[in-house]
Amino acid sequence: MTDTDRPDSAGAPTSPAAPPAAEGVPVPKRVRVHHLRQAKERGEALTMLTAYDAVTARIFDEAGIDILLVGDSIGDNMLGHPTTIPVTVDEMIPAVRAVARVSRRALVVADLPFGSYEASPQQCLATAVRMLKEAGAHAVKFEGGAHLAEHVRLLTRSGIPVVGHLGFTPQAENLLGGKRVQARDNDAAEQLVADALALADAGAVAVVLEMVPAPVAERVTEVLAVPTIGIGAGPGCDGQVLVWTDMAGMTGWSPRFAQRFGEVGAELYRATRAYARAVRERAFPAPEHTYER
């Protein structure tokens, strides 16, 4: 994604990692919601990764990722839950706060967890306000289609950008019969298109499409004026998102749609084994790691 704005020197990254511009990655001062639509209009692919803490969020931000999603996927990736359903708002807020504090460029989007928005537009607004006011998010994301259009409309009127989420919606896993590809038949595909249009018409600034056939995702992308961001939805979306642990190879298994762009888990295991061996052999700490009087 490109933009004519450039950061002042005071806003430059301070870590030893090379800033995005050093590798040819354009660096706007801050990715805003209007940049998302501009990227779609120019045919530039948007990048999104999940982030749950300050350490990884800083790396992703400096690497030039456009959108950092503090997902309720923290539940089954960081908190040890089997699904996202047990995650609470009080668990989400510290994670969002950590990511927002270190992000200098990326748009920070916070998931609204299961049970925190479905009951009414007012409940949705109250939860979203907490994500922005207490945690520092720039936008929120929640799952569901046309039946949540009023939720989107109220948040938009209140100044809160909303990202929609259609296709496989993890919070509805029990209703959907597990992690299954959605919108395979014509009727379901038509409903998905209608839901996406309803969310966009209500003010959504982007729509995530998860685990839907590529032709369906392409059609949604064509009819929407706002960007689509795919995960397991093929290359025809306006952008892509992955859970960062899948992207970086942190576990022994990754979903079919997730390419492993590194093997960070294996390297962390190697480093941990080397550390333990050095301690047991009393090779660490060495004199250079020791303070004298």
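## A walk around the barrel

Start by selecting residues 46-50, which form strand 1, and residues 239-242, which form strand 8: these two strands pair in the parallel sense over 4 bridges. Keep in mind as you look around that this is a predicted model.

You will see a closed barrel of 8 strands, running in the order 1-2-3-4-5-6-7-8 with parallel pairing. On average, neighbouring strands of this sheet are turned by 25° against each other, direction ignored.

Next, turn to the largest pocket, which holds about 890 Å³ of space. To see where the lining comes from, colour helix 3 (74-77), strand 4 (139-143), strand 6 (206-210), strand 8 and helix 10 (244-247); each supplies at least two lining residues. If you colour the lining by residue type, expect 17 nonpolar, 11 polar and 11 charged residues.

For the last stop, select E173 in helix 7, which spans residues 173-176. Is E173 buried or exposed? Its relative accessibility is 15%, so E173 counts as buried, the cut-off being under 20%. Display its surroundings too: leaving aside neighbours within four places in sequence, E173 is in contact with T83, F168, G178 and K179.

Notes
Residues numbered from 1 in each chain as written. Predicted model: local features only at pLDDT ≥ 70, side-chain atom pairs only at ≥ 80, totals over all residues. Heavy atoms only, no water. Pairing = 2+ DSSP bridges. Axes fitted to C-alpha atoms, helices over the stretch in contact; angles between N-to-C directions. Buried < 20%, exposed > 50% of the residue type's maximum accessible area, 1.4 Å probe, protein only. Contact = heavy atoms within 4.5 Å. 1 Å grid on protein atoms, 1.4 Å probe; cavity = no way out; pocket = protein on both sides within 12 Å on 5 of 7 lines; lining within 4 Å. Points joined across faces, edges and corners; volume = space filled by probe spheres on them. Nonpolar A, V, L, I, M, F, W, Y, C, P; charged D, E, K, R; others polar.
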